[in-house]
Amino acid sequence: MEWSFRTAEELTAALRAGEVTSVELTDEAITRIERDDKAINAICVPDFDRARAAARGADQARSRGEDRPLLGIPVTVKESYNIAGLPTTWGMPQHRDHVPDEDAVQVSRLRAAGAVVLGKTNVPLGLQDIQSFNEIHGTTNNPWDHGRTPGGSSGGSAAALACGFGALSIGSDLAGSLRTPAHFCGVYAHKPTLGLVANRGMVAPSAPALPVDLDLAVVGPMARSARDLTLLLDVMAGPDPLTFGVAHHLRLPPARHERLRDFRVLVLDEHPLIATGSAVRAGVNRVADALVDGGAHVERHSPLLPDLAEAGTLYSQLLVSGSVARFPVESYDRLRTRAAGLSADDRSLDAARLRAMVFSHRDWLQANNRRELHRHGWRQLFAEFDAVVCPITPTPAFPHDHTPNPMERRIDIEGAEYPYFDQLVWAGLPTMPGLPATAVPAGRSPEGLPVGVQLIGPMFEDRTPLRLAELLEREIGGFRAPE
């Protein structure tokens, strides 16, 4: 029997029943990687010897009567997480030889739960792209069409899951880096509420692994089923033991509802700053139809929805103002000169990003104050709705584009070209206020490419969009292996 595309939940049941061993699961996963990954290039740092040793240890633990949440389950880890003894480069050539001596807190939690780590998955340079390619590890291809990207920056993890290279993976998300690859590869991902999951050790090479609170950025689970997302989130969630974990214990509230017909859902498929491609619109509508058929209360408009145009601009400002904070002074001076040359009438997202690159502290505080007003607006909306369904990006996976300057790239939407990074506005919708969002498969494009949507939920009520994802999986289906 082949186990590679079974869910972690199914594998756990089989392990408990004695139908398979962790050694057998691990050997099958490694065989599949060695056979199939030459065409995909998802696993950039294999760790097969230690994986086999961990699998033997898991089987021995089970024989002693132990039973942990992920005991014996093969998993992968995004390259950007520190794993002791393995390189962490973020795709940056100058850090090719950087090898940390301590696991990231989430890698430690995976191991404590009994997971078998197969290796690390590919990322873009500095985690700063919607694709996954770099000079060190090369290009990761989309399993559905090798001429297209699997997304980024957790593209290697999404591609690995789609190919059966392990049952689970962990990634990170600042600009859709969990959700976009899930959408492009036909798998599941969950962007947790900001601050819910400790991120220590998911840090750029040579930087100390400190327990810091990051703005916008989170780490989270990826899987081939909605229930597996919940299983992995329960392993990952909780404060860092060096900070809030000293005094706080996590207890997530249950999902607001258990039945589809009890959910109140707002469905969005149009954004004022960018068009929505027909394939993605069809995916949103497929989910909306399933909700209606299941008896859920569905609306297409609400006066409670925060202004999407302002949200997109504000997200872009917060995103780039943080990313350039460590630029050399001479680079900052050049950016300031460019920003000063902008027309006062230029309200494009490109202009907003450029201006934000030279934000003063006062400018950032004003933007943050506007964010708090949006957060309050979302609280009011979630008093009337339980979830929001909307796109993750405007299109399915696009062809590889390695144009060196991303600002020169364009995204094609139904024959119209848009600046490359404008496609982030949908992913940024829940990111800017720090809301949880679950990416779920929602069908295929006419070309056979996966299409996903995101389910946005109330802050710290992560189980609500996760439960809705599980119910939708029953109604419209979920992961399907590439043909």
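Over the ring of which residue does the charged end of Arg-224 sit?

**View 1. Arg-224 and Phe-479.** In this predicted model, the charged end of Arg-224 is placed over the ring of Phe-479, 5.9 Å from its centre. A charge sits over a ring if NZ of Lys or CZ of Arg is within 6 Å of the ring centre and within 35 degrees of the ring normal. Local features need pLDDT of at least 70 and side-chain atom pairs pLDDT 80 or more, whereas totals for chains, interfaces and linings use all residues. Residues are numbered from 1 along each chain as its sequence is written, and side-chain values use heavy atoms, with hydrogens and water left out.

**View 2. Phe-184 and Phe-398.** Five aromatic pairs are found in the whole structure; rings of Phe, Tyr and Trp (its six-membered ring) pair if their centres lie within 6.5 Å, with planes under 30 degrees apart counted as stacked, over 60 as edge-to-face and the rest as tilted. The ring centres of Phe-184 and Phe-398 are 5.8 Å apart and the planes stand at 90 degrees, so this pair is edge-to-face. Both residues are buried, that is, under 20% relative accessible area (1.4 Å probe, protein chains only).

View 3. Ring pairs join Phe-184, Phe-398, Tyr-420 and Phe-421 into a cluster. Arg-409 lies over the face of Tyr-420, 5.0 Å from the ring centre.

**View 4. Trp-378 and Phe-382.** With ring centres 5.7 Å apart and planes at 25 degrees, Trp-378 and Phe-382 form a stacked pair. Trp-378 is buried at 3% relative accessibility, and Phe-382 is buried at 3%.

Note on methods:
Buried < 20%, exposed > 50% of the residue type's maximum accessible area, 1.4 Å probe, protein only.
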